[in-house]
Amino acid sequence: MTTSKGATVEVLRLIGRSVVEGFKSIWAHGLMSLASVGTVAVSLLVLAVFLVVAANLSYVADILEEQVEIVAYCSPEFDREWRETLIEKAEAIPGVGSVAFVGREEALDRLREQFGSQADLLSAVEDDNPLRDHLEITVEDPERIESVARSVGEIQSIDDVAYQREVVERLYSVTEALRTAGVGLVFLLAAATFLLISNTIRLTIFARRDEIEVMRLVGASSAFIWGPLVVEGLLLGMIGAGIAGIAIYWGYQDLVGSLHISLPFLPILGPQPLIGNLIQLLLIIGAMLGIMSSWFSAQRYVKI
Amino acid sequence: MKLLHGSGMCGAKYTVVGWATVYGRETPCITNIWLGYIAYRMGARLLIVLSHVSKHYGNICALDDVTLNITKGEFVFLVGPSGAGKSTLLQLLFREEKASEGSVVVDNLNVTRLPRRHVPLLRRKVGVVFQDFKLLNSKTVFENVAFVLQVTGAPKSFIRRRVPQVLNLVGLAGKERAYPEQLSGGEQQRASLARAIANSPRLILADEPTGNLDRDSSWSIMRLLAEFNKRGATVLVATHDWPIVDAMQRRVVEINEGKITRDDEQGGYSRSVATNRALGR
């Protein structure tokens, strides 16, 4: 019991000392630390921007996907008396969400509305409405839209079935490409960050070579020697990540605010929880980068 | 486990190799416990055992088949021309360098086979003093000495008690708050001696400790080393300081071109001094 308590005290002391020394050393290498923090911040900011854009695109894709519906056109000789039966038949198909019957007159009204001031153009067709009665069918699972559409097409007196999935699919592929590009770029930037942090740590090792030599000579454990170096790397990474986090937080909030005013119909994700999660991710990545690069330097330049 | 007590803190595992050759025959490897016991019974008096040790740096051979035993409590001078391998030999003893061949055993630790994570344990048993002192200029004398104790995790209360004690011992009482650069060379070396003994090491290694000092300071350092030796530490001094070696008449091991060329129980810096003495001149 006493030994474990003693060991705990020792570990705490080691951590405390590492943190103090780590801070001191960041302060001592002002410019180099600034460069490291700056690179971390820029790299992580780029990552954050990519992730935010990707998140929004996939959000838009989700919305559009939900809006994707099947339009089933009735044959011209369809008798409206069978309307209810037709709806029931469509609703009976597994995977169907809701079914609405739209008469050809209503369809024309809608068109007129969409054309707005240019509704005159429609006067040519008004006497002989070319539109058809149709069903608007939403599906529960957008992935299964194809099979549902096929079943709908098999209903008697349904002539033609149409649905627009291509748009959504294209949007998804754009999101995917953007994510891939983002990850690729971030790997490059991470490599640059890694080199810069490990170089800063190398500088620390060089500045403290006498102290490190004495520590080695008198039998300091490697944890004792590496602790402050790793903490320094960790701090550099996390400070950089924090700056990137603050930047994306302010930036995104501004963007959302101004978009809500200028383009109110544009679907865009609210700052929360997106940015909160993003900041957590940035901090984790920054911390890991910092620890890895300082560990690398310590392994490489401090021999025990 | 009591049997293994003599085989050091790492247990019998690292003990074995050196001992067999010490007594001129190969001891069969039965079990670790058995060998630990042999080590305990036979080798208890030996602190340093080098057997057939060589050290190469590329094509250069710094040490060539060196075999040397040093008993606990001995005071040994290591002499020889520059580049003869004195420093290399010392460095092997605290694993600053690793022997290319042969085995090095220090206080029952097989240094050549010591895993890296155990190297600090070895170094805590050994106090090292250098020609250039290696004091940290950003720390006061007190802090320099305290640093060793902090590094090895000593409690603060112990450090507060121990540091003045050792500074007193080396005659630096009252200089606690001075920075190394404010001290004379002799005082700096005494501070570094204080640092070396703060952990109460069994073995003190000194590499040209008087190389940068004037005569009086050199003598005071050597007297301190002799004093620590009297208090039980084993002392190994590599030096060029022939007047002191001649005057102190301790065991002298001479190295030339990586080989031990002389090992006198009581000798002088050069063979001629020993010869003269033997001839009663």
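# Two chains, two sheets

In chain B, strands β9(B) and β10(B) pair in the antiparallel sense, and 5 bridges hold that pairing. I start there because strands of a sheet pair through backbone hydrogen bonds, either parallel or antiparallel. One facing pair in this example is B:I255 and B:I260, the latter in β10(B). The two strands form a hairpin with 2 residues between them, and B:E257 there takes a positive phi near 50°. Please keep in mind that this is a predicted model.

Now the sheet around that hairpin. It is an open sheet of 6 strands in chain B, in the order β6-β7-β8-β3-β9-β10, and its pairing is mixed. Which strands stand at the edges? They are β6, residues 126–130, and β10, residues 259–264, both of chain B. Each has a single partner strand, so one side of each is left without a neighbour in the sheet. From one strand to the next, the twist averages 15°.

Strand β9, residues 251–256 of chain B, runs parallel to β3(B), and 4 bridges join the two. Here B:L78 stands opposite B:V253 in β9(B). Strands β7 (residues 203–207) and β8 (residues 234–238) of chain B are also paired in the parallel sense, over 5 bridges. In that pair, B:A206 faces B:V237 of β8(B).

Next, the helices on this sheet. Helix α7(B) packs on the sheet and touches β6 and β7 of chain B, with its direction at about 165° to that of β6(B). Helix α8 of chain B, residues 215–230, lies across β3 (75–79), β7 and β8 of chain B. This α8 of chain B runs at about 155° to β8(B).

Helix α7(B) has a helix partner as well. Two packed helices are described by the angle between their axes and the distance between the axes. For helix α5 (residues 141–151) and helix α7 (residues 185–197) of chain B, the angle is about 25° and the axes are 8 Å apart. How do we name that arrangement? Angles under 35 degrees count as roughly parallel, and α5(B) and α7(B) are therefore roughly parallel to each other. The crossing of α5(B) past α7(B) is right-handed. On the α5(B) side, the contact has B:V141, B:N144, B:V145 and B:V148, and these meet B:A191, B:A194 and B:R195 in α7(B). By class, that contact has 5 nonpolar residues, 1 polar and 1 charged.

Now chain A. Its open sheet has 4 strands, in the order β2-β3-β1-β4, with antiparallel pairing. The edge strands are β2 (96–102) and β4 (158–163) of chain A, each of which pairs on one side only. On average, neighbouring strands of this sheet are turned by 20° against each other, direction ignored.

Inside this sheet, β1 (residues 69–74) and β3 (residues 134–139) of chain A pair in the antiparallel sense over 5 bridges. A:Y73 is opposite A:H134 in β3(A). Helix α6 of chain A, residues 145–153, packs on the sheet, where it touches β1, β2, β3 and β4 of chain A. The direction of α6 of chain A makes about 165° with that of β4(A). Helix α3 of chain A, residues 83–92, lies across β2 and β3 of chain A and runs at about 160° to β2(A).

Chain A also has a helix pair to look at. Helix α2, residues 30–67 of chain A, packs with α10(A) at an angle of about 145°, and their axes are 10 Å apart. Helix α2(A) passes α10(A) in a right-handed crossing. Which residues of α2(A) meet α10(A)? They are A:V40, A:L44, A:A48, A:L51, A:V52 and A:A55. Their counterparts in α10(A) are A:L274, A:L278, A:L282, A:I285, A:G286 and A:L289. By class, this contact has 11 nonpolar residues, 1 polar and no charged ones.

Then the contact between the chains. It takes 13 residues from chain A and 14 residues from chain B. On the chain A side, the largest share is 6 residues, from helix α8 (residues 209–217) of chain A. The side of chain A that touches chain B has 7 nonpolar, 2 polar and 4 charged residues.

Last, confidence. Chain A averages a pLDDT of 81, and 96% of its residues score at least 70. Within chain A, the lowest confidence is in helix α5 (residues 123–126), with a mean of 72. The highest is in helix α10 (residues 271–301) of chain A, at 88.

Technical notes
Residues are numbered from 1 along each chain as its sequence is written. Chains are lettered from A and ligands numbered from 1 in the order in which they are written. This is a predicted model: local features need pLDDT of at least 70, side-chain atom pairs count only at pLDDT 80 or more; totals for chains, interfaces and linings use all residues. Two strands pair if DSSP finds at least two bridges between them. Axes are lines fitted to C-alpha atoms, for helices over the stretch in contact, and angles run from 0 to 180 degrees between N-to-C directions. Two residues are in contact if their C-beta atoms, placed from the backbone, lie within 7 Å. Ala, Val, Leu, Ile, Met, Phe, Trp, Tyr, Cys and Pro count as nonpolar, Asp, Glu, Lys and Arg as charged, and the others, Gly among them, as polar. Angles under 35 degrees count as roughly parallel, over 145 as roughly antiparallel, 65 to 115 as roughly perpendicular and the rest as oblique. A crossing is left-handed if the near helix is turned anticlockwise from the far one by less than a right angle, and right-handed if clockwise. pLDDT is the predictor's confidence in each residue, from 0 to 100.
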